[in-house]
Amino acid sequence: MFGAQSGSVRRECLDHVIVLGETHLRRIMSRYAVYYNQARTHLALEKDTPAARSIEPFGLIIAEPMVAGLHHRYARI
């Protein structure tokens with residue numbers, strides 16, 4: 001899921017959440033995986049995401065909460 005970047009999961013997610021059981025942990029991890037692959041930029045990918053994104057040249061910028069509001073995806077509408 002995250003490869004060699006498991007430290008990112010701990011620093012960016014689990015250090016900020018109180019886990020209430022295995023089901024809760026699985027839910028948090030699945031939401032973080034979506035954020036990590038679809039919204040989080042990576043320097044090794046020249047500030048792009050692993051999943052391809054379309055260019056949004058015009059519109060107002062909104063913040064879409066991800067991982068229960070812990071992180072945000074910024075997009076144009």
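Buried means under 20% relative accessible area. I keep that cut-off at hand for these entries on a predicted model.

**Entry: aromatic pairs**

I looked for aromatic pairs and found 2 in the structure. I took Tyr32 and Tyr35 to begin with. Their pair is tilted, with 5.7 Å centre to centre and 50° between the planes. Where do these residues sit? I found both in helix H2, 3 residues apart, so about one helical turn separates Tyr32 and Tyr35.

Next I checked burial. Tyr32 has a relative accessible area of 0%, so I noted Tyr32 as buried. Tyr35 comes to 9%, and I noted Tyr35 as buried too.

Then I turned to Tyr32 and Tyr36. This pair is also tilted: I read 5.9 Å centre to centre and 40° between the planes. Tyr32 and Tyr36 are 4 residues apart in helix H2, which means about one helical turn lies between them. Are Tyr32 and Tyr36 buried or exposed? I found both buried.

Tyr32, Tyr35 and Tyr36 make up one aromatic cluster.

**Entry: a surface patch**

Which residues form a nonpolar patch on the surface? I listed Leu60, Ile62 and Ile77. Together they have about 320 Å² of accessible area.

I looked up Leu60 separately. Leu60 lies in the loop between helix H2 (22-38) and strand E1 (61-66). Why does Leu60 count as exposed? Its relative accessibility is 63%, and exposed means over 50%.

Notes: Residues are numbered from 1 along each chain as its sequence is written. This is a predicted model: local features need pLDDT of at least 70, side-chain atom pairs count only at pLDDT 80 or more; totals for chains, interfaces and linings use all residues. Side-chain values use heavy atoms; hydrogens and water are left out. Patches are made of residues with over 30% relative accessible area and no salt bridge: like charges are joined within 9 Å, nonpolar side chains (Val, Leu, Ile, Met, Phe, Trp, Tyr) within 5 Å. Accessible areas come from the Shrake-Rupley method with a 1.4 Å probe; for residues, only the protein chains shown count as cover. A salt bridge is a side-chain nitrogen of Lys or Arg within 4 Å of a carboxyl oxygen of Asp or Glu. Helices (H or I, at least four residues) and strands (E, at least two) are DSSP runs, numbered from the N terminus. Buried means under 20% relative accessible area, exposed over 50%, partly exposed in between (1.4 Å probe, protein chains only). Rings of Phe, Tyr and Trp (its six-membered ring) pair if their centres lie within 6.5 Å; planes under 30 degrees apart count as stacked, over 60 as edge-to-face and the rest as tilted.
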